[in-house]
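Please keep the viewer open as you read.

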Amino acid sequence: MIQKKETIKTACMEALPLALAIATYGLSYGVLATQVKFSLLTAVSMSVFVFSGSAQLVTVAMLAGGASLISVLLTVILLNLRNLLYGAALAEGLAPAKKWTALLAFGISDEPFVLATSRFKKVGPDPLYFAIVTGMFYIAWILAAFFGALIGNQLDPQKWGLDLAFPVTFAALLVPGLKGKPVIGTVLAATVIAMVLEYLKPGNELTIIITGLLAPLVGLYLHRRTNHA
Amino acid sequence: MLNQWLLIGILAISTYLSRLIGVVFMARQKMSPSLRLYFNYVPIAIIAALLVKQIFVPTDGQLTISLPVLIGCISTAVAIKITRLFLPSVVIGIVVGLLVRYFLI
């Protein structure tokens, strides 16, 4: 019992700063979702049922560019591939939850993965820790989407420059992660590939998927070269 | 309206499946480190592609650079590098982009 309390306390303390960060992304998502004609209900519902920052932000940005359902889906599948890695890495640490593992799996994404792997390394399998961390993120994500959509509904998009919010949000998501040759190489390659595709066929539906498939190969190549040098 | 619910449903299912499959089926398999890296580079490639699509907009079948977007993005990039704060950096980018829109164009 004491151990349980300790786990809950640690989980809350470690998750809180990240929950605040997630809330700021969620706020942006909520505002952006209303710009592509999502209602308060559908914007929040997407957060409730999908619960994925990258998938939801990319979805609304693609819809803003007039993308079709099928290209949004393919891009999200591509984005979600990394969840396979996270799940595989977390499986052992979540195993004691038995049949509840399927429920906990709903919370797998970037931030919980980072927190939980370091926790499992320290104390071994700990599903309770994972449940509390993801639960806090879930609440933060949904509340933020709600307030974001509420704000977005009140503002005149052109006047407040909310159309500018899409690219600017993605710039803010991209820049802090630009560290190391492979990552920077991936971004440069993606920029060139996307520009060529758009030049060949302006408004190309396939630009994002093709870029998402090809540019990481450049990062991989650079990673290998730096490691073997 | 129906389309939005359809979209939410499809995204919810595909996203949850990617999470569940990882935990249930991939756990016992050794994944190659290359595949691991590749998957990790995918999101940044997609974000970069989205940015390109928003900076270079097609008008009458030709690509034109949107200066408000480009300068707004650069401002946000600089702001987040310095402040490391997400929302303030986004707001700065929007404000600068708006100023460019109203005063330069």
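The report below goes through the ground rules, the recorded spans, the helix contacts between the chains, and a few individual residues.

## Ground rules

This is a predicted model, where local features need pLDDT of at least 70, side-chain atom pairs count only at pLDDT 80 or more, and totals for chains, interfaces and linings use all residues. Residues are numbered from 1 along each chain as its sequence is written, chains are lettered from A and ligands numbered from 1 in the order in which they are written, and side-chain values use heavy atoms, with hydrogens and water left out.

Helices and strands here are DSSP runs, numbered from the N terminus (H or I, at least four residues, for helices; E, at least two, for strands).

## Spans from the record

For chain A, the unreviewed UniProt entry lists residues 57-79, 128-151, 157-175, 182-200 and 206-223 under "transmembrane region". UniProt positions follow the numbering used here, feature names are shortened, and annotations may be inferred rather than shown by experiment. In the model, residues 128-151 of chain A are 100% helix and 0% strand, with end C-alpha atoms 35 Å apart. Residues 182-200 of chain A are likewise 100% helix and 0% strand, and their end C-alpha atoms lie 27 Å apart.

For chain B, the unreviewed UniProt entry gives residues 6-26, 38-57, 63-80 and 85-104 under that heading. Residues 63-80 of chain B are 78% helix and 17% strand, with 28 Å between the end C-alpha atoms. Residues 85-104 of chain B are 90% helix and 0% strand, and their end C-alpha atoms lie 28 Å apart.

## Helix H9 of chain A against chain B

Let us begin with helix H9 (residues 162-174) of chain A and helix H4 (residues 86-103) of chain B, whose axes come within 9 Å and cross at roughly 135°. Axes are lines fitted to C-alpha atoms, for helices over the stretch in contact, and angles run from 0 to 180 degrees between N-to-C directions. H9(A) and H4(B) are therefore oblique to each other; angles under 35 degrees count as roughly parallel, over 145 as roughly antiparallel, 65 to 115 as roughly perpendicular and the rest as oblique. Residues making the contact include A:Asp163, A:Val168 and A:Ala172 of H9(A), and B:Phe86, B:Gly93 and B:Arg101 of H4(B). By class, this contact of H9(A) with H4(B) has nine nonpolar, four polar and two charged residues. Ala, Val, Leu, Ile, Met, Phe, Trp, Tyr, Cys and Pro count as nonpolar, Asp, Glu, Lys and Arg as charged, and the others, Gly among them, as polar.

H9(A) also packs with H2(B), at an angle of about 150° and with the axes 9 Å apart. That makes H9(A) roughly antiparallel to H2(B). In this pair, A:Phe166, A:Pro167, A:Phe170, A:Ala171, A:Leu173 and A:Leu174 meet B:Ile44, B:Ile47, B:Ala48, B:Leu50, B:Leu51 and B:Gln54. The contact of H9(A) with H2(B) divides into eleven nonpolar, one polar and no charged residues.

## Helix H3 of chain A and helix H2 of chain B

H3(A) and H2(B) pack at about 25°, with their axes 11 Å apart. H3(A) and H2(B) are therefore roughly parallel. A:Val58, A:Ala61 and A:Met62 of H3(A) make the contact with B:Ile46, B:Leu50 and B:Gln54 of H2(B). By class, the contact of H3(A) with H2(B) has five nonpolar residues, one polar and no charged.

B:Ala48 sits in helix H2 (residues 33-55) of chain B. B:Ala48 counts as buried, at 3% relative accessibility; buried means under 20% relative accessible area, exposed over 50%, and partly exposed in between (1.4 Å probe, protein chains only). Apart from its neighbours within four places in sequence, B:Ala48 is in contact (heavy atoms within 4.5 Å) with A:Leu174, A:Val187, A:Ala190 and A:Thr191.

## Inside chain A

A:Gln56 belongs to helix H3 (residues 53-64) of chain A and is buried, with a relative accessible area of 0%. Leaving aside neighbours within four places in sequence, the contacts of A:Gln56 are A:Tyr29, A:Met46, A:Ser47, A:Val50, A:Phe51 and A:Trp141.

Most residues other than glycine have a negative phi. A:Lys37, in the loop between helix H1 (2-35) and H2 of chain A, has a positive phi of about 70° and is exposed, with a relative accessible area of 69%. A:Lys98, in the loop between helix H4 (69-94) and helix H5 (101-104) of chain A, has a positive phi near 50° and counts as exposed at 68% relative accessibility.
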